[in-house]
Structure formats: structure tokens, C-alpha cells
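This report walks through a few local features of one model. Please look over the sequence and the structure before reading on.

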Amino acid sequence: MVLIQSPKPLAVPLAMSRAVLSTTSTSTTTSSDQPTPSPLPVHSSSKSQSATPRPHPKPGFPTCKLRIECHDLTHNGAHVFFSNNQPSRDLASAVSTVLSVLYKPSESNSHIPPVRSVTFILRAMDILAYTTGSELDNDHKELHFNLDYIEKIPSMPETRQRDEIQGVLVHEMVHCWQWNGHGTAPSGLIEGIADFVRLKAGLSPPHWKKERGKEWDAGYQHTGYFLDWIETLYGEGSVSRINEALKDRKYDGEVFWVDLFGKHVQELWDEYNKTLPERNGEATR
């Protein structure tokens with residue numbers, strides 16, 4: 001008798017068996033056994049593309065290191081200075097004042113002298129103050145202020161000492177940041193621009209006054225008031241234009257003022273003088 005054996009079932013691969021089991025398990029699970037997942041939020045692609053871009057920061061003025069030296073802390077002038085002034089605040093304020101009057105910031109600020117540091121030096125000397133480049137190079141400035149002069153500043157009214165110190169500081173700080181026509185500009189114009197900035201900062205001392213006569217480039221407050229008149233007549237930024245015109249070219253008095261204002265400087269000076277009261281015994285020009 002012949003026995004016929006049924007064929008053995010084929011072995012199921014392990015991976016397939018797991019898949020089958022998994023499928024079977026899933027298919028036999030009722031909906032009540034599994035929580036219903038929340039649908040994912042759908043975002044419109046047009047909204048994501050229309051996001052408001054962040055504005056670019058506005059350009060600012062350059063900064064530099066500020067240092068201070070005092071050669072004699074026992075000097076009465078040092079006592080007056082440190083009793084009335086906070087160096088970190090007042091030096092930074094002087095820089096800010098000068099830059100805001102003479103310039104407008106840009107992305108590169110290449111129109112502004114590349115000053116890297118200013119060292120403020122308090123010491124006794126024969127002159128009131130002066131500014132110079134350091135021994136390192138001309139991008140590092142030194143601002144020297146006479147302690148003997150500071151000691152003699154009147155203490156009344158109450159703010160007189162501080163205002164005078166800050167006024168001199170602003171004047172000298174201008175020399176750190178202004179252009180000079182590669183050394184060819186009249187010294188009276190250079191000093192006049194410095195006192196013009198001091199005037200705009202509200203730091204003019206009580207003895208300043210507008211005076212007829214003299215020469216336009218007599219310097220200091222005489223030229224400073226003249227430049228203030230030009231600023232009023234030709235609009236805000238006129239003195240800034242004078243300064244920036246001295247950046248890339250040498251000073252030529254025959255064309256410099258004509259290029260800027262359409263008149264020679266003597267014409268402008270004569271017009272300015274006519275706006276001032278006559279001095280005693282002086283005939284009108």
C-alpha cells in the first residue's frame with residue numbers, strides 16, 4: 001500500500017512573518033482601541049513666503065578708544081576737573097557732538113577721518129590746549145589740556161566750570177575729526193569750524209560776541225559766528241560741506257567758496273558784516 005504524504009508547508013521568512021503578524025494585529029484592532037490622531041495643521045505656502053523682512057539697522061557713527069591721563073592728581077586744576085566732569089561720559093559726548101554736527105553716518109563712513117583712539121591728557125603747560133597725532137601714527141590723537149587754566153576758571157555761576165571745560169573739550173575734539181585740505185586750509189578756518197561746533201553745542205562762553213571788521217579768517221569765535229551766519233543763510237549742513245570739501249583737495253581760496261556758495265569769501269564776509277551793529281566811531285561800509 002502506497003502512502004501519499006501531503007507536501008510540507010514552505011517556511012515563511014522571519015521578516016515576512018513579522019509583517020504578517022503586524023498586519024494581522026492591526027487589522028484585528030478595533031477603532032475603539034486606538035485614539036484618533038489630530039490632523040496636522042496645514043499652512044499656506046503663500047503666507048510663509050510673504051513674511052515681513054527685518055529692516056536693516058541704520059548706519060551709525062564710528063567709535064574709537066578713549067583714554068585719559070592726568071600728570072598731577074594733586075594739582076588744583078585736577079580737583080576742579082574731576083569735581084565737575086565724568087571723563088567717560090564727557091569724552092564720549094564730545095565725540096558724539098562733533099560727529100553729529102560735521103557728518104551724517106553712512107554704511108562705510110569713509111567720509112569721516114579714521115580716528116582709532118583719543119587720549120585726553122591733563123597737565124600744566126604754557127598754552128590753553130592743543131591736539132596732535134600721537135607718536136604711533138596720526139590715527140591716534142592726543143588732546144592736551146592745561147591744568148593751570150582749569151584751576152582759574154570762575155566757579156560762578158554754578159555750571160561755569162563744567163561748561164568751559166566741556167566747551168574746550170568739544171573745540172579740541174573737532175581737530176581730531178575734521179579735514180584740513182591736506183594741511184593747506186587757513187588756520188583761521190580750521191579754528192573757526194571748531195568754535196562753530198562749540199557754538200552749536202550751546203557751549204559758547206560769556207565773553208564771546210559778534211564783531212565787525214577784522215578778517216574772515218581771524219579764527220576762533222570771529223570765524224565761528226561767520227560760519228554760523230553761512231549755515232543760516234545757505235541752510236543746515238553748509239559748514240559740513242565746507243569741512244568735507246577739504247577732504248580730497250587742497251584749499252584754493254579763488255575757487256573754494258565759489259564752488260560751494262557761488263561767491264568769493266570776501267563777498268560773503270562783507271555781507272555778514274552788514275548784519276552786525278556798528279562799533280563806536282565806525283562808518284558803515
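## Terms and basis

A residue is called buried when its relative accessible area is under 20%, exposed when it is over 50%, and partly exposed in between (1.4 Å probe, protein chains only). Helices (H or I, at least four residues) and strands (E, at least two) are DSSP runs, numbered from the N terminus.

The model is predicted, so local features need pLDDT of at least 70 and side-chain atom pairs count only at pLDDT 80 or more, while totals for chains, interfaces and linings use all residues. Residues are numbered from 1 along each chain as its sequence is written, and side-chain values use heavy atoms, with hydrogens and water left out.

## Positive phi angles

Asn109 sits in the loop between helix H4 (87-102) and strand S2 (117-123). Its phi is near 55°, a positive value in a residue other than glycine. Asn109 counts as buried because its relative accessibility is 12%.

Lys214 is not a glycine either, and has a positive phi of about 55°. The loop that holds Lys214 runs between helix H7 (187-200) and helix H8 (220-234). With a relative accessible area of 46%, Lys214 is partly exposed.

## A cis peptide bond

Met156 and Pro157 are joined by a cis peptide bond, with omega about 0°. Pro157 belongs to the loop between helix H5 (147-151) and helix H6 (160-177).

## Glu271 and its contacts

Glu271 is in helix H11 (residues 265-274) and is partly exposed, at 27% relative accessible area. Leaving aside residues up to four places away in sequence, Glu271 touches Trp229, Leu233 and Lys263; contact means heavy atoms within 4.5 Å. Glu271 and Trp229 are 42 residues apart in sequence, and their C-alpha atoms are 9.9 Å apart in space.
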